[in-house]
Amino acid sequence: MPESAAHELMLFGLSFNMETLKMTWMVMAVVVIMSIVATRNMKLVPVGLQNIFELIITSLNSQINANLGKRGVLFAPFLISLFLFLLISNWWGLIPGMASPTNTLNTNLGLALLVVVMLHVLGLYYKGTKYIKHFFEPFAPFVIIKLIEEIAKPITLSFRLFGNIVAGELLIHILPKLLPNIFAEVIPGVIWLAFSTFVGIVQAFVFTMLSMSYLADGVNDEEDA
Amino acid sequence: MINIDGTLLAQLVNFIVLVILLRIFAYKPIMKMLHDREAKIANSIESAENDEKKAKQTLDEYQKQLAEARLKAQEIIDKAMKRAQQEYDASVVQTKQEIEQMRQNAKEDIVRERARAATQLKGEVVSLSMAAASKIIATNIDDAANQKLIGEFIEKLDKNKLGDLSC
């Protein structure tokens, strides 16, 4: 997918990729509409979309409670939104004519940086000097390793997702060109789509779980007491 | 794809907007629904437990009443049987007494009759003997001497024979 100049929009000296933004808005619209449909006519005995949303929210909530402790409730909407957005984004590129918002580092690094900045801000807010001190433990020289770790966090988080999604989309585009005709493409194409669907769930889950465990460093009050 | 530009900031804003929207449209209503359901299930369980407890209580009460009723019935039967026994005993005693009385009366009658018969017999024997004797011996003995003679004779009879007469 070559980025043509037509997709670029210059504003305040910054360039914006309109393709990515359009896809992001579509995904956002889909997620919001799905959530409205799921919660519009809720019943005590859940059916259909309500069931799926409840499943996602309760299973993530139990993870959040286990990792973040009692402050987890504050960050549950953030992490649940992250999962839903990444899930639909990852799958969005599998629809012909569409592209995943997560196939660009702009989205992935943005989200990863948001998580890491949240971690440090919340760590300082909740734990104060203790949070700074933990970079120098058990010995002062450890600060080098700790800093590398902190820098690696957003990079690994974003590149993992980026690589998986880009690879999936590229192969979808390349497969027809590698194979002689459309009939030969059916079987590998379907298999690859199925695999990409699976990868989409796994990557959304991995990103969310890692964000959760990173945030746990700053938020969890286990050792506060 | 790999170039980083202003899109990153736009995506941040987009995502934050999405978080806010999802918090309103998905998180809050679903959490509310989950709490409602939890409360409803807890209520149902509690009321079921209450019902069960109540049923058990009723059953216990019923069984207790049944046992009491049984006890009372037994008591009534016992009382009735005792009374019947008493009445039976009393009537038996009374009957025995009556029989005894009747026997006594009969005995007395017999004795009286025998005495009367003996007296009568004695009188007749005297007059018969007198007539017989006066004819047989044809000797004129005055009345007083006759009476004495026969009287002695009868006395002897009395002592030796009359007692063994069966009547």
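## Annotated segments

Over residues 191–210 of chain A in this predicted model, the chain is 100% helix and 0% strand, with the end C-alpha atoms 28 Å apart; helices (H or I, at least four residues) and strands (E, at least two) are DSSP runs numbered from the N terminus. The UniProt annotation "transmembrane region", from an unreviewed entry, covers residues 191–210 of chain A as well as 20–39, 73–95 and 107–126. UniProt positions are given in the numbering used here, feature names are shortened, and annotations may be inferred rather than shown by experiment. Residues 20–39 of chain A are likewise 100% helix and 0% strand, and their end C-alpha atoms are 28 Å apart.

In chain B, UniProt (unreviewed entry) places the feature "coiled-coil region" at residues 45–116. That stretch of chain B is 100% helix and 0% strand, and its end C-alpha atoms are 104 Å apart.

## Fold of chain A

Chain A comprises 7 helices and 2 strands, which run β-β-α-α-α-α-α-α-α from the N terminus on. Its C-alpha atoms fill a box of roughly 65 × 50 × 40 Å, taken along the principal axes.

## The cavity

The structure holds 1 cavity of 30 Å³ or more, and the largest cavity has a volume of about 40 Å³. A cavity is a set of points, on a 1 Å grid over the protein atoms alone, where a 1.4 Å probe fits but cannot get out, and lining residues have an atom within 4 Å of a point. Grid points are joined across faces, edges and corners, and the volume is the space filled by probe spheres set on the points.

The lining includes I57(A), P77(A), L84(A), R23(B) and Y27(B). Both α3 (72–92) of chain A and α1 (7–137) of chain B supply at least two lining residues each. By class, the lining has 7 nonpolar, 1 polar and 1 charged residues.

## A nonpolar surface patch

I36(A), I16(B), I20(B), I24(B) and F25(B) form a nonpolar patch on the surface, with about 410 Å² of accessible area together. Such patches join nonpolar side chains (Val, Leu, Ile, Met, Phe, Trp, Tyr) within 5 Å, from residues with over 30% relative accessible area and no salt bridge. Helix α1(B) gives the most to the patch, with 4 residues, while I36(A) lies in helix α1 (residues 18–40) of chain A.

## Conventions

Residues are numbered from 1 along each chain as its sequence is written, and chains are lettered from A in the order in which they are written. Local features need pLDDT of at least 70, side-chain atom pairs count only at pLDDT 80 or more, and totals for chains, interfaces and linings use all residues, while side-chain values use heavy atoms, leaving out hydrogens and water.

Notes
On a 1 Å grid over the protein atoms alone, a cavity is a set of points where a 1.4 Å probe fits but cannot get out, and a pocket is an open set with protein on both sides within 12 Å along at least five of seven lines; lining residues have an atom within 4 Å of a point. Ala, Val, Leu, Ile, Met, Phe, Trp, Tyr, Cys and Pro count as nonpolar, Asp, Glu, Lys and Arg as charged, and the others, Gly among them, as polar. Patches are made of residues with over 30% relative accessible area and no salt bridge: like charges are joined within 9 Å, nonpolar side chains (Val, Leu, Ile, Met, Phe, Trp, Tyr) within 5 Å. Accessible areas come from the Shrake-Rupley method with a 1.4 Å probe; for residues, only the protein chains shown count as cover. A salt bridge is a side-chain nitrogen of Lys or Arg within 4 Å of a carboxyl oxygen of Asp or Glu.
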